[in-house]
Amino acid sequence: MLPRWSKAISQFARVNSELGRHLCSFSCRDYSKVAAVAADPTEKIFNVNTEVNLNKMFWTKPHSLALAPDSPLRVEDPQYEGIKRFTLKLLRFYSKQSKSIRGANVIYRRVIHQVDRPAIYDVFNLEKTFKTTFSLLVIHMWLCLRRLKQEGKEGVELGQYLYEIYNHDVELRVSKAGVNLLLTKWMKDLEKIFYGNIVAYDAAMLPEAKQDELQNVIWRNVFSDDGTSTPDHAALLPLQALSRYVRREFNCMSLTETQENLKQCETLQSLSMWCHVSHLQTTPPSGKENTGK
């Protein structure tokens, strides 16, 4: 059976690109209903971290995220012998499905490692709320699912396991945020937001997309609290930096070959967000954002 996330994306793809670009605006209006978290009534202020020069971040050349064979971050299946291995075989521990589920768990652990660590919020001057965490989680899931889909049937199957793990985690996060009644309704709303955002990000990365399309989509999905389509001046530097980060990781994932490497990669720079601070290239002479297309 065709996996649910892949089928939904295909259905969304049939809609014209203009509609796809506007689907993400749904999320800005509905986050307040989904996340039962008290919002700060004061105006949101973006205080740019003075320790980080956002203008100089994420200009480095994209590269494969595959880990070296001797990397301590690699996760390998345990190799048992004798009766233990025989028993595990009987329990289908080494079956294709079991291996795929374990691989999906590895990928998702690296995704949430990136999304849950304070550094990503500090670098991009984001307040850690359910809305921002969910928005960043969707971005990183989109990057992984898009790349896995390029691997064909096996990649789509692995993506389905990854999506199911993500969905379970989001349900736990919603409950933790205080939503205990009508949980199914909130999960359906979040699912709509998820697919709408994916379509918007896909459209923003098309060759014919406007140069600032990705930046505008990220503004609506991550930074904007009131659904406005135009970024304000105070948030411009963090917004441009996050746009470069997403585009760079998009290209890094494209350079990471094969499904197996995706399970064994330093997925989405999971070693450290700060590696971009200590190993930077200076801003291009033009001072303009590199689209990376």
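What follows is a short exchange on helices in a predicted model.

Colleague: How are helix 7 and helix 11 oriented, parallel or antiparallel to each other?

Modeller: Take helix 7 as residues 130–149 and helix 11 as residues 236–255. Their axes come within 9 Å and cross at roughly 25°. Angles under 35 degrees count as roughly parallel. Helix 7 and helix 11 are therefore roughly parallel.

Colleague: Which residues of helix 11 make the contact with helix 7?

Modeller: The crossing of the two helices is right-handed. Helix 7 contributes Leu136, Ile139, His140, Trp142, Leu143, Cys144, Arg146 and Arg147. Helix 11 contributes Leu242, Tyr245, Val246, Glu249, Phe250, Met253 and Ser254.

Colleague: Is glutamine 240 buried or partly exposed?

Modeller: Glutamine 240 lies in helix 11, where 15 of the 20 residues are buried. Buried means under 20% relative accessible area. Glutamine 240 has 22% relative accessibility, so it counts as partly exposed.

Colleague: What is the C-alpha to C-alpha distance between glutamine 240 and glutamine 215?

Modeller: In sequence, the two glutamines are 25 residues apart. In space, C-alpha to C-alpha, they are separated by 6.6 Å.

Colleague: How far apart are the end C-alpha atoms of helix 8?

Modeller: Helix 8 covers residues 153–176. Its 24 residues should span 34 Å at 1.5 Å a residue. The model agrees with that, because the end C-alpha atoms are separated by 35 Å.

Colleague: Which glycine with positive phi follows helix 8?

Modeller: The phi in question is near 115°. The residue is glycine 178.

Terms used
Residues are numbered from 1 along each chain as its sequence is written. This is a predicted model: local features need pLDDT of at least 70, side-chain atom pairs count only at pLDDT 80 or more; totals for chains, interfaces and linings use all residues. Side-chain values use heavy atoms; hydrogens and water are left out. Axes are lines fitted to C-alpha atoms, for helices over the stretch in contact, and angles run from 0 to 180 degrees between N-to-C directions. Helices (H or I, at least four residues) and strands (E, at least two) are DSSP runs, numbered from the N terminus. Angles under 35 degrees count as roughly parallel, over 145 as roughly antiparallel, 65 to 115 as roughly perpendicular and the rest as oblique. A crossing is left-handed if the near helix is turned anticlockwise from the far one by less than a right angle, and right-handed if clockwise. Contact means heavy atoms within 4.5 Å. Buried means under 20% relative accessible area, exposed over 50%, partly exposed in between (1.4 Å probe, protein chains only). The expected span of a helix is 1.5 Å times one less than its number of residues.
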